[in-house]
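Here are my notes on the model, as numbered points. Please read them with the coordinates open.

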Amino acid sequence: MMKIKDTFYISHGSPTLSIDESLPARPFLQSFQEKVYPTRPSSILVISAHWETSFPTVNNVVSDGPSGTIYDFYGFPKSMYQLKYPAPGAPKLAKRVKELLMSSGFERVEEDKERGLDHGAWVPLMLMYPDADIPVCQLSIQTNRDATYHYNMGKALAPLKEEGVLIVGSGAATHNLRMIRDTTSVEPWAREFDAWLEEALIDGKYEDVNNYTEKAPHATLAHPWPDHFYPLHVAMGAGGADSNAELIHRSWSLSSLSYASYKFTAPA
């Protein structure tokens, strides 16, 4: 089995990424297998901003049949509600995630037997792995907890890399929907937060990123709610304390929505 050295944080921005050819993040994700990560994983674990629960929860626990596609967005073009991403479920991976978390002090881990893939998972995966032939499991986030909790969750999941599992956090490097404007100029506060994040990650200051509410400029403006940021902490924790972070994409839409995406590589 191919061991995996890297984990990823992908900024998925707006759900229109699924159809909008003008977004630069689209070709980046479409070239993922060719240019960013040619290793084919045995399965994929997605930690999406769009699944919040009180306790860590895994889906696709029952069947390795095709995953359902969840349309958890409103008022978008009709064509988006016809897209499907029928990747196989990953019940073995779901059980393994539960096992790893519980043995690392996460006392309660639940299983959702009904839930399919939300757009935080299927929109980027549709572009990255269009054949939908790699089993996928999702793990939820807990917005009632802090960033360090999610970093520790990632640390608990690190052994999955040895088993050929690709761990992908899916969110947005900046995410304040009240502040989006239809303009090509980027808001200075968003640019400053985005630049701070890149510098902290590249310098390996993961503790600062865990304490971003105190350390980062405009933290509450960039993330009034932490749902789109916590998937980064999981990917960072799974990468490992001594991993190297690399910015693999940056683009903007709607004045303050960052598509900055990162790779965390464990030392050889």
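1. Which residues in H3 meet which residues in H5? Val 97, Leu 100 and Leu 101 are the H3 side, and Met 153, Ala 156 and Leu 157 are the H5 side. Contact here means heavy atoms within 4.5 Å. By class, this contact has 6 nonpolar, no polar and no charged residues.

2. Ground rules. This is a predicted model, in which local features need pLDDT of at least 70, side-chain atom pairs count only at pLDDT 80 or more, and totals for chains, interfaces and linings use all residues. Residues are numbered from 1 along each chain as its sequence is written, and side-chain values use heavy atoms, with hydrogens and water left out.

3. Geometry of the helix pair. The axes of H3 and H5 come within 8 Å and cross at roughly 115°. Axes are lines fitted to C-alpha atoms, for helices over the stretch in contact, with angles from 0 to 180 degrees between N-to-C directions. The crossing of H3 and H5 is right-handed. The handedness rule: left-handed if the near helix is turned anticlockwise from the far one by less than a right angle, right-handed if clockwise.

4. Overall fold. The chain has 10 helices and 10 strands. These are DSSP runs, numbered from the N terminus: helices are H or I with at least four residues, strands are E with at least two. The C-alpha atoms fill a box of roughly 45 × 45 × 35 Å along the principal axes.

5. Burial. Of the 268 residues, 57% count as buried. The cut-offs for relative accessible area are under 20% for buried, over 50% for exposed and partly exposed in between (1.4 Å probe, protein chains only). Among contacts with a separation of 6 or more, 80% come from residues 24 or more positions apart.

6. Helix H4 (residues 119-128). 10 of its 10 residues are buried, so H4 is largely enclosed by the rest of the structure. Among them are His 119, Trp 122 and Pro 124. The buried residues of H4 pack against S1, H1, H2, S2, S5 and S6.

7. Salt bridges. How many does a search of the whole structure find? The search finds 14. The criterion is a side-chain nitrogen of Lys or Arg within 4 Å of a carboxyl oxygen of Asp or Glu.

8. Lys 3 and Glu 162. Their closest N and O atoms are 3.2 Å apart. Lys 3 lies before strand S1 and Glu 162 in the loop between H5 and S6, so the bridge ties together parts 159 residues apart in sequence. Lys 3 is exposed at 54%, whereas Glu 162 is partly exposed at 46%.

9. Bridges from H3. Arg 96 pairs with Glu 163, with closest N and O atoms 2.8 Å apart. Arg 96 is in H3 and Glu 163 in the loop between H5 and S6, so the pair ties together parts 67 residues apart in sequence. Lys 95 pairs with Glu 111 at 3.7 Å. Lys 95, Lys 98, Glu 111 and Lys 113 are linked in a network of salt bridges.

Note on methods: Ala, Val, Leu, Ile, Met, Phe, Trp, Tyr, Cys and Pro count as nonpolar, Asp, Glu, Lys and Arg as charged, and the others, Gly among them, as polar.
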